[in-house]
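Hi,

Here is the structure I said I would pass on to you.

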Amino acid sequence: MWGTFNGDAGQLARMMADSRRKQAFFPSVPFTRFPPERIIGIWEGPLRGVAFADLDGDGKLDLIATSELGCRVYLQTGALEFTDRTEPLGLSGLKARSISVASVDGNGREDLLLGGRLLVNNNGRFTESDRLPVEAPKAVKISAFIDLNADGWPDVLVSREAGGLAAWLNPGAKGGPFIEATARLGLDKPQAGAGKTGFVIPGDWNGDGRTDLFYAADKGYLLIQNPKGGFEPEKVTVDLSFRVSENDDPGLTGAGCFAPLWTETSTDLALPGDTGLTLINNRDGKQVDVAGAGNEVHLSRSGQLATLVEDLNMDGYMDLFTMTRGKQSRNILHTNRGYGSYMVDDLYNKDEFFPAESYNTGQWGAAVGDVNGDGAVDLLLGGMDGKLRLLLNDTLSTRAPKENALYRDQVLSQTAIVALDLPPERGVVGARVEVAGTDGKLIAWRRIGDAVLTGCSGAHQTRIAIRQPQTVKVTIRWSDGVTAAKDIILEPGKVAKVSMPRPASATAPSPK
């Protein structure tokens, strides 16, 4: 692996072109660094969903974890000091398999979706709302706030055990009950996975600004949203299976993510199987499995559950952290080397890059957020052993300029980071953030709220590493189509904190 390339011919040509421009970056060894984990809380059984969110509006991220044994909320009451405030927040006694966070009425306060129960934030105390029907919490595998109709208001999507997908649309500013819309959206049909069991993945597969879905059941269901707001199945042409080896039960693998993997600007889909990974690239509308060109991406674990896609070493490439479902099973981190190539960190760094207990213990839930504001994404993990783990990302501390530094370290010491936090307002869930150069060429993109995984919720923020500091244009497209842009001067090795409120005069289409 020391500098070797064993991948796609087109990617090799890209690398050679970048080398000519002196912009190639293809590290030979991983450099991700997480210090010892912090145990925030311990449950008597496995955890389920985890989330980062600013629940009290003080500008600091708080922590949430759920399971069938109960929900707990830890507010950040001081710098990286977390205090259990479950009871004062009105959340004692609640149990759920999943957690999702959004402001359902855009009032600047985060609300919670625990399983199929909606908890609204009334000035710091949560109360259960009757805006969702009594059947919403039944047989929930995972649930999530997702903008399903591009109106900017977070809707509710539920994946049920042996029940397929169910949806309720947010009525928007007029308020009142959420509107049952499963049939209206086309999600009640067999070709959309009706009656099946599996994880659901939101994203924008075709880049039209509307949310699409991948339902990880059977051989997979790719559901594309049409201009009228309905979901139409697109034939999955890649060979997929979401059955597990030990008992053939459905719904125990396949929780993946839409993200740029093949290039920094492509649209791809990472899908874990029970014993392997599939990386699907959208190549002009054609589904192409590019995992075979990814070097060590073929190395995987058994009993894989979910794959979190995030730039964990802050080098501009999106990495793959795959969780396994056994209590004492080993997880796996694939560092993205760029050009479609991956390496498995523990083959090189042993346990130095990641706390051993976190890496060697099965995890059900994972979420990312910059909890200490240093510009690097941190990890929150919900363990099969009942431990809620916070892993602070220490990668940036290694980037001080060095004398006689390797080329890799020279590039990393110059790498700038665009840090954007979005307040809880209309259009945040499903918002797309783009960074472009002065020539207008897209450098990177992210979407907010897509990392649902096993019923989890990341912070409403993004951290994008840019290896060639320059003047860039940062554009936000909220999920209802409202846009704002700002030119930012990136300084080498610095974190550029970007503030870009939603335009006050913005208008958006009425709910469909």
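**What I found**

Asp105 sits in the loop that runs between E6 and strand E7 (111–114). Before you go further, bear in mind that this is a predicted model. Is Asp105 buried, exposed or partly exposed? Its relative accessible area is 38%, and because that falls between the 20% and 50% cut-offs, Asp105 counts as partly exposed. If you skip residues up to four places away in sequence, Asp105 touches Asp111 and Trp153. Its side chain also has a polar contact of 3.2 Å with the side chain of Asn107.

Now go to Thr86, in the loop between strand E5 (81–84) and strand E6 (99–102). Thr86 has a relative accessibility of 5%, so this residue counts as buried; the cut-off for that is under 20%. What does Thr86 touch, leaving aside its neighbours within four places in sequence? The list is Cys71, Arg72, Val73, Leu91 and Ser92. There is also a polar contact of 2.6 Å between the side chains of Thr86 and Asp84. Asp249 is 163 residues from Thr86 in sequence, and the two are 34 Å apart in space, C-alpha to C-alpha.

Next, two backbone angles to look up. Most residues other than glycine have a negative phi. Leu80 is not a glycine, yet it has a positive phi of about 60°. You can find Leu80 in the loop between strand E4 (72–78) and E5. Tyr339 is another residue other than glycine with a positive phi, near 60°. Tyr339 lies in the loop between strand E24 (332–338) and strand E25 (341–344). Since its relative accessible area is 4%, Tyr339 is buried.

On to the inside of the protein. In soluble globular proteins, nonpolar side chains tend to be buried together. Here the largest nonpolar core has 64 residues. Which of them have the most contacts inside this core? They are Leu157, Leu187, Leu279, Leu320, Phe321 and Leu379. Strand E22 (residues 304–310) gives the most to the core, with 4 residues.

Not counting residues up to four places away in sequence, Leu157 touches a whole list of residues, among them Ile142, Leu148, Leu165, Leu187, Val200 and Leu213. Ser143 is also on that list.

The largest cavity has a volume of about 370 Å³ and a lining of 23 residues. Glu310, Val368, Arg447, Gly449 and Ala451 are the lining residues nearest its centre. Strand E18 (257–259), E22, strand E26 (363–369), strand E31 (442–447) and strand E32 (461–466) each supply at least two residues of that lining. By class, the lining of the largest cavity has 13 nonpolar, 5 polar and 5 charged residues.

The largest pocket has a volume of about 620 Å³. It is lined by 22 residues, and Glu264, Lys441, Leu442, Ile443 and Gln468 lie nearest its centre. Helix H1 (9–20), E31 and E32 each give at least two residues to this lining, and the largest share, 3 residues, comes from E31. The classes in the lining of the largest pocket are 7 nonpolar, 8 polar and 7 charged.

The second largest pocket holds about 480 Å³ of space. Its lining has 33 residues, and Gly59, Lys60, Leu61, Asp421 and Gln461 are the closest to its centre. Strand E2 (50–53), strand E29 (416–421), E32 and strand E35 (495–498) each supply at least two residues there. This lining divides into 14 nonpolar, 11 polar and 8 charged residues.

Happy exploring!

Definitions and conventions:
Residues numbered from 1 in each chain as written. Predicted model: local features only at pLDDT ≥ 70, side-chain atom pairs only at ≥ 80, totals over all residues. Heavy atoms only, no water. Core = buried A, V, L, I, M, F, W, Y, C linked by side-chain atoms within 4.5 Å. Buried < 20%, exposed > 50% of the residue type's maximum accessible area, 1.4 Å probe, protein only. Contact = heavy atoms within 4.5 Å. Polar contact = N/O pair within 3.5 Å; in protein donor to acceptor, adjacent residues only side chain to side chain. 1 Å grid on protein atoms, 1.4 Å probe; cavity = no way out; pocket = protein on both sides within 12 Å on 5 of 7 lines; lining within 4 Å. Points joined across faces, edges and corners; volume = space filled by probe spheres on them. Nonpolar A, V, L, I, M, F, W, Y, C, P; charged D, E, K, R; others polar.
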